[in-house]
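Reader: I am new to this structure. Could you take me through it by question and answer?

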Amino acid sequence: MTGEGGDGAAGLRPWRKPRRLPSSPLYAIVRWGAAGLFAALVIGLIVSIVSQSSQAFAHSGISFLWSGTWNPDAGDYAGGTLVVGTVITTLVAMIIVVPIGLGTSVSVSELIPRWLAGPLSTSIEFLAAVPSIVVGLWALLVLSPVFASDVEPALEGLPVLNTVFRGPAYGPSVLLASVVLAIMTLPTVVALSRTALGGVPIAEREAAMALGATHWQVVRRTVLPAARSGIAAAITLAVGRALGESIAVALVIGNRPAIPHSLLAPGATLGSAIVNQFAEASPGLGTSAVIALAAILLLLTILVNVAGQLLVRRRGGRRLLGVRGAVA
Amino acid sequence: MSTLPSIQVALDSVMPDMGLAEVTRRRLLVRDSARRSIGRRRMAGRAMQAVCLITVPLGLAPLVALVIATVSKGAGALNVGFLLHAPTPEGVPGGGISTAIVGSGEIVTYAIALAVPMGLFIALFLFERPGPIASAVRFGADVMSGVPSIIIGIFAYAIYVERFHHFSNVAAGLALGVLMLPIMVRANEEAMRTVPVDLWEAGISLGARRSRVARSVVLRGALPGVVTGNLLALARGVGETAPLLFTVASPTLAMTLLIFNDATQPFPDAQQAAWGTALVLLALVLILSVIARTVAWTLNRKTR
């Protein structure tokens, strides 16, 4: 940076004692201190999670990651079933949210007239601010009875799919948790994909139109491919959120740490298991095992988020990051 | 049908002995096939557009239903006493959520005290010192903003509750602050990016200190974005439950914990209280979001 020399300052403001460096040491200390403290926080978080989980990894070995059952009463600690539960819940949530989110963002960005699209996207962004505990409360007290009485019996009756949707229908289930995650991540997906779609230059649309493309063909062949990496980033970041959501999932998944035999069965995710087990865990190995679950979750979400950030960067999507900070 | 001279000339040059009837026949053939094509493409497009448009109510319906349910069920619980009275044991009427409101306020105050100044200074650091260190800090902020809130709760538990052997709102505030910090850093940085570097250099060349330029040029220019970003981060922090789970002494001492606790209880009174608290929380978060956007809008107009 330029501007360290203070000769000009002395010339312009002769009534003051000339300063060689127009910089106050206090400001430098505060600025560097804040950055240093932040670095210490990031490193401290990772180090404390890893070091506190080391006892569990020492006990069960690296196979903690994939094998065995979670049964604290018998002294069995392994995260495998919970990793499977987390992956299944997130996957089903994405199967629900990706088509709906993409359809909504294409509609808002390309199809709906502007006087309606503006308020619509603003309200979607407001809905992103709804706290996850409120979504969880609603899902537990309103949605879950509806699932138990109507939705899940109906799914059981489907001819082929009932291998996946096998009863009995309780209400709280892997499917309900996935639906909750889909509801919670929808605003994120829509807001980010809409930004990506809106970022496609008008010239590209006009070029496609000039070649005789219909409105839909412009969207399908020009706008969507151009916004592809932005949309991929939106979905990746939504996956990150879905993986890490714990409270709302803990309320509706039924908390049974075993591989669910169907989507209507209760299950557990890494996050929901941490919520339910941490307070009751026996000191020492028990606590360490719960923190080991947190370590796995941390690893998963960091991998997903770094992938998402790389996707955003590749498209020079600084604006996307800004929006993410605003809505996520 | 109007004649197309250029096609006529082209046809004449390729097939000079073709009669006018044949030319017209072929021209109509081309025209009809083009019409069929556009018709087909329009139909297919309309069908796909309809599919897209159907997803809008499909996606919005649960969110709208959720807000309506919270308002209608929460309104029944809400009255002045609910906000001003302390929670009562199950079966004793007249309980409120005053302790939870006060506790949440205290936690959020600690979080603001930690995150807002740090967020500003880190963003200023990123603004003034571009380079590998800034990139590393920025990367750290990106990683942190993706860390699940439950893990930040465990972190606060590990560095505070476990060390000092007691639950505390300070630990909860620390957790919330750590959660909000990366969001604030990125929002502040985005806002400061809109300030031209020329202005910063002009300030420095006038002999002002860095701190003075940061205050009078960078912060002033970035103010709408900074205020909006911080308020939105705050709105997110207020609604978080997971960081408080292992740090707050009792579920009656924070609104989100109170909801989490009461939601799972079989008593209608507890569920009613959960709905009432949810409504208070929702209103708070929405008000913060609205203020954030209004501030951005007003200040943007003023500085222009």
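**Questions on a two-chain model**

Reader: Which residues does Ala172(B) touch, not counting residues up to four places away in sequence?
Author: This is a predicted model. Ala172(B) sits in helix α7 of chain B, residues 169-193. Leaving out residues up to four places away in sequence, Ala172(B) touches Ile107(B), Pro243(B), Leu244(B), Thr247(B), Val248(B) and Ala254(B).

Reader: Does Ala172(B) count as buried or exposed?
Author: A residue needs 20 or more other C-beta atoms within 10 Å to be buried. Ala172(B) has 33 C-beta neighbours inside 10 Å, so Ala172(B) counts as buried.

Reader: How many Å apart in space are Ala172(B) and Glu106(B), C-alpha to C-alpha?
Author: In sequence, Ala172(B) and Glu106(B) are 66 residues apart. In space, C-alpha to C-alpha, the separation of Ala172(B) and Glu106(B) is 9.5 Å.

Reader: What is the radius of gyration of chain B?
Author: Chain B has 12 helices and zero strands. The globule rule gives 19 Å for 304 residues, and chain B is well over that, so chain B is more spread out than a compact globule. Along the principal axes, its C-alpha atoms fill a box of roughly 100 × 65 × 40 Å. The radius of gyration of chain B is 31 Å.

Reader: How many Å apart are the C-alpha centres of the two domains of chain B?
Author: The domain assignment of chain B gives domain 1 (5-70) and domain 2 (82-303). The C-alpha centres of domain 1 and domain 2 of chain B lie apart by 51 Å.

Reader: Which residues have the most contacts inside the largest nonpolar core?
Author: The largest nonpolar core has 193 residues. Those with the most contacts inside this core are Val180(A), Ala294(A) and Ile122(B).

Reader: Which residues of chain B is Ala294(A) in contact with?
Author: Set aside the neighbours of Ala294(A) within four places in sequence. In chain A, Ala294(A) is in contact with Ile49(A) and Ile274(A). In chain B, the contacts of Ala294(A) are Ile151(B) and Ile154(B).

Reader: Why is helix α11 of chain A largely enclosed?
Author: Helix α11 of chain A covers residues 270-277. Among its buried residues are Leu270(A), Ile274(A) and Gln277(A).

Reader: Which helix gives the largest share of the side of chain A that touches chain B?
Author: Across the interface, 76 residues of chain A are in contact with 72 residues of chain B. By class, the side of chain A that touches chain B has 48 nonpolar, 26 polar and two charged residues. The largest share of that side is 15 residues, and the helix they come from is α2 (residues 25-60) of chain A.

Reader: Over which residues of chain A is the pLDDT below 50?
Author: The mean pLDDT of chain A is 81, and 85% of its residues reach 70 or more. Two stretches have a pLDDT below 50. Beyond near neighbours in sequence, one stretch has 19 contacts in the model, and the other has 35. The stretches are residues 1-11 and residues 316-328.

Reader: What ipTM and pTM does the model score?
Author: For chain B, the mean pLDDT is 87, and 93% of its residues reach 70 or more. The model scores ipTM 0.84 and pTM 0.85.

Technical notes. Residues are numbered from 1 along each chain as its sequence is written. Chains are lettered from A and ligands numbered from 1 in the order in which they are written. This is a predicted model: local features need pLDDT of at least 70, side-chain atom pairs count only at pLDDT 80 or more; totals for chains, interfaces and linings use all residues. A residue is buried if 20 or more other C-beta atoms lie within 10 Å of its own, exposed if 12 or fewer, and partly exposed in between; C-beta atoms are placed from the backbone. Helices (H or I, at least four residues) and strands (E, at least two) are DSSP runs, numbered from the N terminus. pLDDT is the predictor's confidence in each residue, from 0 to 100. A nonpolar core is a set of buried Ala, Val, Leu, Ile, Met, Phe, Trp, Tyr and Cys residues joined through C-beta atoms within 7 Å. Two residues are in contact if their C-beta atoms, placed from the backbone, lie within 7 Å. Domain bounds come from an automatic or database domain assignment. The radius of gyration is taken over C-alpha atoms; the globule rule is 2.2 Å times the number of residues to the power 0.38. Ala, Val, Leu, Ile, Met, Phe, Trp, Tyr, Cys and Pro count as nonpolar, Asp, Glu, Lys and Arg as charged, and the others, Gly among them, as polar.
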